[in-house]
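Me: Please take a close look at a single part of this structure. I would like one connected answer, with the cut-offs for each term.

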Amino acid sequence: MIRYIRWCACFCALLLAALLVNVARVQVWEAAAYGANPANKRPAVERYAEPRGDILVDGRPVTGSRDSGQLLRYERTYENGPLYAPVTGFSSQTYGTSLLERAEDAILAGTDPGLSAFPLWYELARGRPSGGNAETTVRAGVQRAAYTGLAGRRGAAVALEPATGRILALVSSPSYDPAELSGTGGPVKAAWARLNADPARPMLNRALRETYPPGSTFKIVTAAAALDAGVVADVDAPTQTPDPYPLPGTNTLLPNAGSGCQDASMAEAVQWSCNTVMAKIGVRVGLRAMVDAARRFGFNEEGLRVPAWVSRSNFDTDMSPDQLALSSIGQFNTRATPLQMAMVAAAVAGGGELPSPYLVERTTQDDGDQVRRGRPHGLGRAMSPATALRLQEMMVAVVENGTGHNAAIPGAVVGGKTGTAQHGVGNAGTPYAWFIGWAKAQDAPLPGVAVAVVVEDAEARRGDISGNGAAAPIARAVMEAALAAPAKR
Amino acid sequence: MTALTAEVAEPAPPPPPDGSAPKRRGVELTLLAGAVLICVLGHHCVALATAGRTPEPAGRYAAWLAGAALLAHLAVRFRAPYADPLVLPIAVLLNGLGLVLIQRLDATTPTHPTAGGQLRWSALGVALFVLVVVVLRDHRVLQKYAYLSVAAALALMLVPVFFPAVNGAHIWIRFAGLSFQPGEFAKILLAVFFAAYLAANRTALALTGRRLFWKLRLLPGRVLGPILTIWLLSVGLLVLERDLGTSLLFFGLFVIMLFTATGRIGWIAIGLLLAAVGAYAVGTFEPHVHSRVEDWLNPFASIDRGEGPGQLAQSLFAFAAGGLLGAGLGHGQSFLIGFAAKSDFILATAGEELGLVGITAILLLYGLLVHRGFCAGLALRDPFGRLLATGLASIVALQVFVIAGGVTGLIPLTGMAMPFLAQGGSSVVTNWVIVALLVRLGDSARRPRPPEEAAA
């Protein structure tokens with residue numbers, strides 16, 4: 001019997017060995033796969049176990065965290081959610097994150113290795129540091145001016161600091177409250193469905209992700225190309241352009257919105273927004289030089305991040321002369337994001353250097369120690385300094401004595417360019433009213449703000465009047481706010 | 001009754017050295033102190049992690065545990081001085097760890113605290129341990145009650161059939177707000193009966209089995225009867241109570257003890273064949289069991305169907321989250337398992353919070369306990385004692401394998417309590433009685449023989 005007891009003991013030892021091997025298989029070999037299974041709630045529980053770091057505007061948080069008492073414990077809250085939604089994006093337990101909440105997620109959620117002096121310690125202790133904060137470049141006053149200016153109409157406004165590329169305001173309208181999407185459950189799903197079904201598309205960030213035909217505001221790029229290429233040596237010289245102007249190689253006649261464009265100089269053409277003159281100049285500059293100029297201003301560049309990604313603005317690279325003529329006045333296939341047009345204005349205001357726009361001034365640990373700092377850097381030279389100076393003069397003329405007089409600010413030098421972009425089949429769509437510009441305080445050495453405003457549902461009046469009527473007042477309010485409250489940095 | 005107590009010729013093992021066998025009670029006391037210390041430490045870790053402060057009645061838990069351990073130790077010291085010094089500390093450590101894990105899971109279900117109840121059942125278990133060690137002076141007394149045992153066991157197993165099913169199985173008796181699983185206690189009674197029956201009949205079973213193996217139809221019913229009876233009983237139990245785990249345990253126990261008594265591989269073959277037929281039939285035709293088999297074959301099927309992870313998937317997630325070193329007591333999310341997290345799936349909490357290291361330690365503790373049981377069986381001189389020790393050790397081993405294998409996806413999941421760890425009063429009490437019997441058997445095995453017996 002002794003022998004059989006031993007056999008039984010061996011059998012039990014085999015069972016034990018099988019258990020140990022299997023446990024090791026589950027806990028070591030399969031652990032990563034099981035941990036990554038989408039049905040495994042652990043990563044989510046861990047992610048929301050601590051309050052999320054905050055996004056700051058003017059040093060004050062515009063986000064917060066609320067203890068929901070649920071399994072996914074902390075939910076995102078937003079102060080002035082609709083105002084800052086185009087900056088913050090949402091952080092939802094159901095639908096993930098967007099915009100800054102996504103781009104700076106590692107900092108906010110506390111997973112960034114830079115948050116800890118000893119990342120290995122957290123690795124060993126299986127804890128993680130508290131979420132850090134992201135301080136934005138946005139200034140509350142400027143943002144609010146743009147938001148109230150748009151007043152819920154479809155459109156967008158972007159304000160930049162030309163010298164650095166800091167984004168002072170980033171507004172998309174109509175907006176939404178990202179707090180509605182924070183948690184889980186029926187109301188969140190209902191809000192998501194409603195926001196996605198809304199024809200006004202409130203969750204679309206028009207400032208970064210929507211491209212519009214830039215219309216007459218693109219004439220600044222065409223003028224810069226002409227000056228840099230030497231096609232126009234004297235901005236005040238007559239250009240011998242007929243009105244209307246027959247598009248090269250076709251019988252189509254390109255008209256002007258106003259009168260007085262016949263044989264106008266380039267300065268006059270910018271001031272009064274003559275389609276005929278600028279189209280002809282674009283054709284004379286030529287496809288290659290126009291494409292090069294557009295690229296120097298940031299068109300056709302993929303992968304711009306602020307740090308949220310930005311849609312690509314387009315200027316076609318293969319066109320017939322008549323298409324080039326239309327493209328040179330911001331029509332045909334030319335499309336730009338509001339941010340791109342703000343960069344154009346900023347390049348003119350900044351003496352020709354194209355700034356790289358950025359939204360995050362710096363990221364910090366929860367105790368305020370800096371993790372990373374946004375550094376101003378240029379994206380290259382868009383035009384020569386002399387060209388920039390001449391364009392500045394022409395843009396000032398637009399505001400002081402041209403189509404953009406609604407943007408004038410007493411006691412400041414303001415330059416601008418209006419635009420009305422037609423779109424749709426046979427130009428049947430609602431025109432887009434544009435205004436891009438910059439402003440310099442009287443005593444300041446450099447312009448303090450560059451701005452781009454687009455309004456989709458402008459009063460359906462053709463011509464440059466709508467750019468001046470719908471968009472310019474908003475741009476003026478934004479520039480006023482930016483000059484009134486200079487950065488305290 | 002004479003047939004049951006008949007002596008069977010078997011060469012006796014060499015007698016232990018006279019009189020001078022060390023009692024090793026000091027070792028036991030030291031190990032007990034260590035076990036209590038580990039559990040108190042765990043208790044504090046859980047309270048710090050879940051509530052952020054030391055436990056409310058700071059010393060009460062420690063005092064209870066230390067008091068119970070000391071009481072059990074004194075009973076062993078005075079009534080079973082030659083007992084194995086490892087058995088009691090292992091039991092205390094496992095029971096204490098179980099309490100720590102249940103207390104940890106209580107923090108996630110504030111409306112259903114269960115640690116207090118488990119503590120009371122554990123106290124009752126220790127009391128029964130002391131009672132058995134004090135009252136039962138010689139394990140051979142049990143041999144006289146073989147048929148009483150089997151009658152009581154059958155009665156205990158049949159009673160729950162008349163009570164309403166709980167979670168698909170008729171294994172509970174609910175009475176005056178208390179629920180009890182009588183099948184748990186029936187395990188011990190059956191082990192006693194099997195040991196006594198086989199000790200008496202093993203010669204007959206061994207000899208006839210060999211000669212008639214190829215003419216099975218000629219096997220006398222007297223010999224074939226018992227195994228068929230037990231098989232039918234197990235299957236009947238399964239059908240009536242839908243308790244796959246317990247029937248598997250009973251059948252496995254019987255086959256192991258039959259093999260130990262006779263050494264006939266043929267019996268094992270027949271047993272395995274019958275078990276396979278039974279398991280296949282039940283696994284195919286019984287929906288409750290069938291779904292368990294499906295879950296085992298594909299634990300993530302419910303996720304693919306969009307119904308979210310099932311219990312087994314959640315259990316595997318918990319083990320995986322633990323990794324090598326574990327998340328730390330109170331830092332895991334094993335409560336995601338939901339239903340039965342504190343009972344059948346308690347090992348998943350241990351796996352997530354203590355890691356592979358902790359699970360290995362716990363499984364090795366069980367292994368050690370089973371090993372000490374087999375050692376007692378080897379050292380004992382009477383066949384009944386040997387078979388009983390083998391049976392009790394096998395009960396623990398099979399139970400650990402069935403439930404630990406179930407929650408880790410090694411075999412289909414069957415509802416069964418992890419000995420000492422899992423929440424469940426009847427299980428804890430039963431295990432303390434098993435440990436008491438192992439202590440008694442160990443004491444008998446190592447006790448120096450009285451002079452007249454040694455001379456005989």
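Reply: A crossing is left-handed if the near helix is turned anticlockwise from the far one by less than a right angle, and right-handed if clockwise. The model is predicted, so local features need pLDDT of at least 70 and side-chain atom pairs count only at pLDDT 80 or more, while totals for chains, interfaces and linings use all residues. Residues are numbered from 1 along each chain as its sequence is written, and chains are lettered from A and ligands numbered from 1 in the order in which they are written.

Helix α3(B) covers residues 87–106 and α13(B) residues 346–379 (helices are DSSP runs of H or I, at least four residues, numbered from the N terminus). Their axes come within 10 Å and cross at roughly 160° (axes are lines fitted to C-alpha atoms over the stretch in contact, with angles from 0 to 180 degrees between N-to-C directions). The two helices are therefore roughly antiparallel, a term for angles over 145 degrees. The crossing of α3(B) past α13(B) is left-handed.

Residues are in contact if their C-beta atoms, placed from the backbone, lie within 7 Å. On the α3(B) side these include B:Val87, B:Leu94, B:Gly98 and B:Arg104; α13(B) contributes, among them, B:Ile346, B:Thr349, B:Leu368 and B:Arg372. By class, the contact has 11 nonpolar, two polar and two charged residues (Ala, Val, Leu, Ile, Met, Phe, Trp, Tyr, Cys and Pro count as nonpolar, Asp, Glu, Lys and Arg as charged, and the others, Gly among them, as polar).

Methods. Angles under 35 degrees count as roughly parallel, over 145 as roughly antiparallel, 65 to 115 as roughly perpendicular and the rest as oblique. Two residues are in contact if their C-beta atoms, placed from the backbone, lie within 7 Å.
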